[in-house]
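Have the structure open as you read.

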Amino acid sequence: MESLPKSQDVSPVAASNTSEKDLIRGLREKADWAFRELISRWSDKLYRLSLRFLRRPEEAQEIVQEVCLKVVEKIDTFEGSSSLYTWLYRVTVNESLMRLRPDKGKKTVSWEDVLPKYENGIHTQEFSDWAKLPDERFAEKEIQEFVQSAIELLPDDLKTAYLLKDVEQLPEDEVCKVLELTKPAMKNRVHRARLFLRKKIEAKYVR
């Protein structure tokens with residue numbers, strides 16, 4: 001923490017109504033109220049996002065602290081080509097993925113093996129009958145935990161797109177900005193992630 005925010009006489013009520021433009025100006029001025037507003041407005045969302053990657057609450061909290069401090073330190077480099085919200089999400093995703101990198105030796109699977117197979121544009125495998133899997137089963141803790149474990153097996157690029165789009169339910173345009181992808185490229189990643197998860201669920205619960 002090289003540059004701590006300075007105190008400034010702005011009430012919490014005033015700060016809570018602060019526009020993004022004023023918040024950015026406050027952060028550039030190292031104002032204490034702006035730092036508090038940044039934490040108040042975004043820390044829960046950033047924590048939840050980081051936790052989806054890391055699955056370890058203590059580390060997710062550390063990531064949030066690191067992201068907020070980094071934003072304060074680097075705010076002068078923020079050009080405003082995207083929203084502050086998009087920038088925070090992008091930094092959080094990058095920091096979370098970097099934290100996971102030492103775990104690259106963990107168990108992985110070949111996700112290509114579980115994707116649908118095609119020959120000359122024709123699907124060569126039979127689809128499983130998901131009617132055999134009652135909807136209420138998706139609410140069961142066992143399945144939720146299994147899906148989470150399957151998400152962790154996804155490659156980082158597919159996992160990130162899936163978490164932002166389907167789990168965090170960010171608008172498509174925001175997901176594209178966070179990942180710096182075109183919309184077709186983003187949708188392709190989400191689609192492949194969904195196929196992977198579907199095949200994993202089928203293999204365990206449907207067949």
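## A lysine tucked inside

K165 sits in helix α7, residues 156–167 (helices are DSSP runs of H or I, at least four residues, numbered from the N terminus). This is a predicted model, where local features need pLDDT of at least 70 and side-chain atom pairs count only at pLDDT 80 or more, while totals for chains, interfaces and linings use all residues. Residues are numbered from 1 along each chain as its sequence is written, and side-chain values use heavy atoms, leaving out hydrogens and water.

K165 is buried but has no salt bridge. Buried means under 20% relative accessible area, with a 1.4 Å probe and protein chains only; a salt bridge puts a side-chain nitrogen of Lys or Arg within 4 Å of a carboxyl oxygen of Asp or Glu. The nearest side chain of opposite charge, D166, is 4.1 Å away. Beyond four places in sequence, K165 contacts L170, E172, V175, V190 and R194 (contact means heavy atoms within 4.5 Å).

L164 is among the residues with the most contacts inside the largest nonpolar core, which has 54 residues. Such a core is a set of buried Ala, Val, Leu, Ile, Met, Phe, Trp, Tyr and Cys residues joined through side-chain atoms within 4.5 Å. Elements giving it two or more residues include α5 (84–100), α7, α8 (172–179) and α9 (183–206).

Leaving out residues up to four places away, L164 touches V175, V178 and L179, among others.

## Helix α8 and its cover

The buried residues of α8 are E174, V175, C176, V178 and L179, and their cover includes α5, α7 and α9. E180 follows α8 with a positive phi, near 55 degrees.

Methods
Buried < 20%, exposed > 50% of the residue type's maximum accessible area, 1.4 Å probe, protein only. Lys, Arg positive; Asp, Glu negative; His and termini not counted.
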